[in-house]
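Hi there,

Here is the structure I promised to pass on, with my notes below it. Have a look at it first, and then read on.

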Amino acid sequence: MPPVPVPLSPHGTANAPDRPPGRGPAPSGPARVRADDGVWTRVLDEADLVWHALPRAWDEGPFLGNARLGSLVYAEPGSDAVRFTVQHSEVQDHRPEFGALFGLARLPVGHFTLRTAGAVTAVDWRLGLQEAELAGTLTTTRGTLALRAVVHDKRSLLAVEVTPTGGEHAFSWTFHPAESVSPRAAFKPVPEGYTGHPPATVEPCGRETVAVQKLLGGGEYATAWTEQTHGEVRVLSAHVAQTYPAPGAREAALDAVRRAATLAYGPLTADHRAGWRAYYRKSFLSVPDARLQSFYWIQLYKIASAARADAPVMATCGPWLEPTPWPGVWWNLNVQLEYWMIHGSNHLELDAPAVALSAHRQRLTDQLEGPYRPDSAGLPRTTDMYLDGGYETAGSGCPIGVPGEQEPTPEVGNLLWALHNVWLSYRHTMDRGILEDTVFPLLRRAVSYYLHFLRPGPDGRLHLPPTFSPEYGEVAPDCTYDLQLLRWGCATLVESADLLGVDDPLAPRWHEVLDRLTPYPVDENGLMIGAGVPFARSHRHYSHLLAVYPLYELTWENPAHRDLIERSLRHWIGFEGALQGYSFTGAASIAAQMGRGDEAAGHLTSLLDRFVRPNTMYKESGPVIETPLSAAQSLHDMVCQSWGGVIRVFPALPDAWQDVTVHDFRTQGAFLLSAARQGGVTRWIRLRSEAGAPCVVRTGMPGPVTVTDGDGRELPRTDLPDGSLRLGLEAGREAYIRPAPADGAEDPGGELAVRAVRPRAAAPRWGLPGHP
């Protein structure tokens, strides 16, 4: 029999006010959103990746991870042996004198090869999202290998169970330690004096084997593995440990695999499976585009495989290190885009940037030139997991530039943009601790750095000396990237000080900046890079458009901004030469801000068609993880926006998306939104308040609506001139919004059920589906 739908949590029962005239009768009886557990199973099963051909590269194969240990599965180059890469997000160099990209780079660990006895003739693999497990068969001329594999969510263990038949009992495993050198060395000249580390030593230790890699800068990392036999079944278990500055990784890695070896694969992975099933059920999203919906759920799997709040901030390729020019953490776009989707999807447990910026805040000051350290902070473009940017060869050796100076490059807005992500975490949780402990003190220091350089011009406005707009290639005075972030920073400080009850002596200066800061440089094509520097060549980065997105200072809802937004977007996205995948996710989110669902969907279609690889990974010279994850946020922006204190339900859906469902979508103000659109009409909305914040919602429902609590009692409301509703919703209370029925008619909202919507057309699975 089918599972019984489970009602969500109970609701408050405040007395309803008298009903104003003209809204129709309130629905009678209690309301509950019904969420059958099977709805998650259905969408996840439909999103599973499959392979009917052997993947030949990292961007074709299955991927497993737990934010620290990561493994990609694909053919060993030049053979049919199957490679399971073994990489770890905490394994890095510790020689800052060689800079962030060599001396502090992520370092490769190695890989296992599963070598079959016969030649491979068929592959049938499935990456099951719901339980984060690769399973299937490898058929050869000698027999078959049935395999199951996980990177254990809690034990940080690669476990691969193989059951052979026929002549494949002779299959074998081999570990290959990688050369311990910065992956950037394959792309760029190495600094003078830089060398790789000495080769790893491999030694047997009873039933286990361990490869130990000593590091010239101190510490070590080690990979230990063992293989257990249970009848016909063989289970490989491997663990990576790293220690710095002292040794000790060898013993830690051996201890982990010895403890794991006491369990068979099934008992070993039971808690792993349960944890992943619970993870997905924190939110739900279903749209009628089958390919995009599957892609979305794969990104939810990917980000939880690559991120945890207590793990390192994602490097450009997440935990799956491959040869890359970018073996570090990039703060001028990559980190921001990587983590946006955690908010709407209700997964703040993945919020590593907020933790890292708080934990390593002293480094944000220490990397500035000495005169600015007493009151300021900044963030280099590239760092390691500890926010260390290494040493610069020019100037004082500090990696953060000084406005108006050429070396090091004065790209100084990155801390402000990173703090915008942390501010989003505050706004989506209303956790005062985030605001008080991290956002306000660090934002105060980040803004103070700019205050050292602002000068009044002949026009009476405050101006900045030349700074760098990320990736455009030249500095500009009154750089738009910095002006936008500075304006946001000052406005947020003013608001935060008021919320925290802080009488800050810098408040008059923040107000002065807001009143006197020079306007953004603009020409006939829209927003410029800076004063005297037009946007005149193709540029993948939208650093000059942050006021439109994600800062939402220039908005389509303000008619005075529309022409500037339109010109700026068209001019930027019209230069095709240098555009990359994240250019289209940015354009999609800007189009969603404009309420243009078809245009937003078109940009996402361009992304999937042109840039996304078979396993949903992405590359620009090397693997880069931010773009597919930011595409998930673009989809969020189409189904819900909550900037400016207003929750907008289904603000930018394509015309063809007649049915959409969201459930427990987290919005600013710490509300959990559930809503269903059927036949092109929003049928019902439920909002649950976690913090009692002011609640304004734009429903998109065309006619009169009713607003009740879960017991059918009408809630206080104010109908605003723009069609929005202001609701009186205390913490822990829920509001149900439905079209008002005519007198005597049944409730037109229908059953309040979370359902997967019917796709408009079938779509091939991600992976290498081919033909089984």
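Let me begin with a pair of helices: G581, Y582, T585, A588, S589 and A592 in α15 meet E626, T627, S630, A631, S634, D637 and M638 in α17. Meeting here is contact, defined as heavy atoms within 4.5 Å. Sorted by class, this contact has five nonpolar, six polar and two charged residues. The classes are simple: Ala, Val, Leu, Ile, Met, Phe, Trp, Tyr, Cys and Pro are nonpolar, Asp, Glu, Lys and Arg are charged, and the others, Gly among them, are polar.

Before going further, please keep in mind that this is a predicted model, in which local features need pLDDT of at least 70 and side-chain atom pairs count only at pLDDT 80 or more, while totals for chains, interfaces and linings use all residues. Residues are numbered from 1 along each chain as its sequence is written, and side-chain values use heavy atoms, with hydrogens and water left out.

**Helix pairs**

Back to α15 (residues 581-593) and α17 (residues 626-639): their axes come within 9 Å and cross at roughly 10°. That makes α15 roughly parallel to α17. Axes are lines fitted to C-alpha atoms, for helices over the stretch in contact, with angles from 0 to 180 degrees between N-to-C directions. As for the wording, angles under 35 degrees count as roughly parallel, over 145 as roughly antiparallel, 65 to 115 as roughly perpendicular and the rest as oblique. Helices (H or I, at least four residues) and strands (E, at least two) are DSSP runs, numbered from the N terminus.

Next come α10 (residues 414-429) and α12 (residues 480-500), with axes that come within 10 Å and cross at roughly 40°. This makes α10 oblique to α12. Their crossing is left-handed; that term is for a near helix turned anticlockwise from the far one by less than a right angle, and right-handed is for clockwise. On the α10 side the residues are N414, L416, W417, L419, H420, W423 and Y426, and they meet Y481, L485, L486, W488, G489, T492 and L499 in α12. By class, the contact of α10 with α12 has 10 nonpolar, four polar and no charged residues.

W276, Y279 and Y280 in α4 meet W297, L300, Y301, I303, A304 and S305 in α5. That contact of α4 with α5 has eight nonpolar, one polar and no charged residues.

S425 is found in α10 and counts as buried at 1% relative accessibility. Buried means under 20% relative accessible area, exposed over 50%, and partly exposed in between (1.4 Å probe, protein chains only). Not counting residues up to four places away in sequence, S425 touches H343, L348, D351 and I434.

A290, in α5, is in contact with P759, A761 and A763, leaving aside neighbours within four places in sequence. The C-alpha atoms of A290 and V43 are separated by 9.8 Å, although these residues are 247 apart along the chain.

**Backbone details to check**

- The peptide bond from Y244 to P245 is cis, with omega near 5°; P245 is in the loop between β16 (233-243) and α3 (249-260).
- The peptide bond from E407 to P408 is also cis, with omega near -15°; P408 lies in the loop between β19 (382-383) and α10.
- E471 is not a glycine but has a positive phi, near 75°. Its place is the loop between β22 (467-468) and β23 (475-476), and E471 is partly exposed at 30% relative accessibility.
- D478, again not a glycine, has a positive phi of about 50°. D478 is in the loop between β23 and α12 and is buried, with a relative accessible area of 7%.

**The whole chain**

The protein chain has 17 helices and 38 strands. Of its 772 residues, 62% count as buried. Its C-alpha atoms fill a box of roughly 80 × 70 × 45 Å along the principal axes.

Best wishes
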